Amino acid sequence: MTHLLENYGKRIPMTFTHGEGVYLYDQTGKQYLDFTSGIGVMNLGYSFEAGKAAVKAQVDAIPHLSNLYENPLQEEVAAYLDYQGSYKAFFANSGAEANEAALKLARLLKPDTTILAFEDGFHGRTFGAMSATMQDKIQKGFAPLVPGFTKAVYNDVESLSAAVTDKTGAIIFEIVQGEGGVTPITQAFSESLKAFQKQGILLIVDEVQTGNGRTGKLFGFEHFGLEPDIITSAKGLGNGLPIGVMLAKTEYATAFTAGKHGSTFGGNPIAMASAKAVLKQLTQPAFLAEVTENAAFLGAELADKLADKASVVAIRQLGLMVGIELRDANQVPKVLVAARAHGLLVLSAGHDVIRLLPPLVMSQAQLADGVAILEAIL
Ligand SMILES: *Cc1c(COP(=O)(O)O)cnc(C)c1O
């Protein structure tokens, strides 16, 4: 009997008691190599001591401050996120909330226009973010949704061109569709999006999963020469503390005048202390270069050990975000179970994809350990 709502389905009958580095330990003491990072959250692993110390100190100093007062910690975190000195930050507590802020800002900037989103995209479970999440399984049963959203096929330039009208005010998209099946954006598609931006359509890039070093850059869009009007980020930003952020180009940010938006907990000092430590680490000169190197190593291992398997259709990757598409979708849950039995945690995505999101601090030897387990299972 559970006192919890069952929206997460039947939970996996195991309890983790602690983590260390890139490993989790269950109640029997069994060790698991974590290729999930708590779904892209624990990017710096379970032994990120600078973050832990900052959080503990902040709990003792002041755990919460209202947004009525100046907040130097928020300023410091926002300064780290101020890509090329052209963005201002609004802090929220989750990815969905960051996207809600982005959708509201876009609507303010382009009154009475529609927002275009892509099939198999994922932007969160709140009403606005869900209305932008063009997946039947997520929207089903919740009609009427928020009006003013239209859709097109991701990475399909013709579908995009056909879907854009003179009513289109903004386009929201991921650099890698994560939940939808780990599909990186193509260069051609990003060029097409840039062309629409030149015509005045706002680009909202949802970096909730791809941000914070996941792809080897602070933001995934950096790989494609994009210059978003609005950016959202969350998951890995607090290395375990709940935080979301919307970044808006300075010239657009001013549309959020006093009273237009807000959040009681947004920019909470404990989350900020953690995010500051995370960003300090991510911006160390050698850090992301090493992520990129390790991602290349992982890609080579996967190509070597898994690409030729009959059960594998394709392997897609950007940085340390990997999708292994299987021939048989029914095999996906079995792989998750078998991996756990071998002491490895992996995720699924879409309906036929095994998703790997190892912590950014995982060593090449540990990455190879995980691939060896997958090789044995597949
Ligand atoms: C996880 C995710 C969200 C939703 O984030 P929450 O913190 O669960 O609200 C939104 N967009 C993308 C791309 C995500 O991966």
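I am working from a predicted model.

**Entry 1: the ligand site**

I started with the residues around the ligand. There are 13 of them, and Gly-95, Ala-96, Asp-206, Gln-209 and Lys-235 come nearest. Next I looked at the polar atoms. Gly-95 places a polar backbone atom 2.8 Å from an oxygen atom of the ligand. Asp-206 uses its side chain: an N or O atom there is 2.8 Å from a nitrogen atom of the ligand. Gln-209 also uses its side chain, with a polar atom 2.7 Å from a ligand oxygen. On its own it has 380 Å² of accessible area, and the protein covers 81% of that.

Which element gives the largest share of the shell around the ligand? I found helix H4, residues 95-109, which supplies three residues. I also sorted the shell by class. It has six polar, four charged and three nonpolar residues.

**Entry 2: salt bridges, the Arg-355 group**

I turned to charge pairs. Side chains of opposite charge can pair when their charged atoms come close. The structure holds eight salt bridges. I looked up Arg-355 and found a salt bridge to Glu-179, with the closest N and O atoms 3.1 Å apart. Arg-355 sits in strand S17 (residues 353-356), while Glu-179 sits in the loop between strand S8 (176-177) and strand S9 (183-184), so the pair ties together parts that are 176 residues apart in sequence.

Are the two partners buried or partly exposed? Arg-355 is buried, because its relative accessibility is 2% and the cut-off for buried is under 20%. Glu-179 has a relative accessible area of 22%, so I noted it as partly exposed.

The pair does not stand alone. Glu-179, Lys-235 and Arg-355 are linked in a network of salt bridges.

Lys-249 came next. I found a salt bridge from Lys-249 to Glu-227, the closest N and O atoms being 2.9 Å apart. Lys-249 lies in strand S12 (residues 244-249) and Glu-227 in the loop between strand S10 (202-206) and strand S11 (230-233), so this pair ties together parts 22 residues apart in sequence. Lys-249 is buried at 9% relative accessible area. Glu-227 is partly exposed at 42%.

I also looked up Arg-316. Arg-316 forms a salt bridge with Glu-325, and the closest N and O atoms are 2.7 Å apart. Glu-325 counts as buried, because its relative accessibility is 19% and buried means under 20%.

**Entry 3: a nonpolar surface patch**

Which residues form a nonpolar patch on the surface? I listed Phe-127, Phe-142 and Val-146, with about 260 Å² of accessible area together. I followed up on Val-146. It is in the loop between helix H6 (136-139) and strand S6 (149-152). Val-146 is partly exposed, with a relative accessible area of 31%.

I looked up Thr-210 in the loop between S10 and S11. Thr-210 is buried, with a relative accessible area of 1%. What does its side chain contact? I found a polar contact with the side chain of Glu-207, at 2.7 Å.

Ser-311 is in another loop, between helix H11 (287-305) and strand S13 (312-318). At 13% relative accessibility, I recorded Ser-311 as buried. A polar atom of the Ser-311 side chain lies 3.5 Å from the backbone oxygen of Leu-378.

Last, I took two C-alpha distances. Gly-169 is in strand S7 (residues 168-174). It counts as buried, at 1% relative accessibility. From Gly-169 to Asp-112 I read 8.3 Å in space, C-alpha to C-alpha, and 57 residues in sequence.

Gln-31 is in strand S3 (residues 31-34). I noted it as partly exposed, at 40% relative accessibility. Gln-31 and Pro-359 are 328 residues apart in sequence, and their C-alpha atoms are 16 Å apart.

Definitions and conventions: Residues are numbered from 1 along each chain as its sequence is written. This is a predicted model: local features need pLDDT of at least 70, side-chain atom pairs count only at pLDDT 80 or more; totals for chains, interfaces and linings use all residues. Side-chain values use heavy atoms; hydrogens and water are left out. Patches are made of residues with over 30% relative accessible area and no salt bridge: like charges are joined within 9 Å, nonpolar side chains (Val, Leu, Ile, Met, Phe, Trp, Tyr) within 5 Å. Accessible areas come from the Shrake-Rupley method with a 1.4 Å probe; for residues, only the protein chains shown count as cover. A salt bridge is a side-chain nitrogen of Lys or Arg within 4 Å of a carboxyl oxygen of Asp or Glu. Helices (H or I, at least four residues) and strands (E, at least two) are DSSP runs, numbered from the N terminus. Buried means under 20% relative accessible area, exposed over 50%, partly exposed in between (1.4 Å probe, protein chains only). A residue is near a molecule or strand if one of its heavy atoms lies within 4 Å of it. A polar contact is a pair of N or O atoms within 3.5 Å; within protein, one must be able to donate a hydrogen and the other to accept it, and residues adjacent in sequence count only if both atoms are side-chain atoms. Ala, Val, Leu, Ile, Met, Phe, Trp, Tyr, Cys and Pro count as nonpolar, Asp, Glu, Lys and Arg as charged, and the others, Gly among them, as polar.
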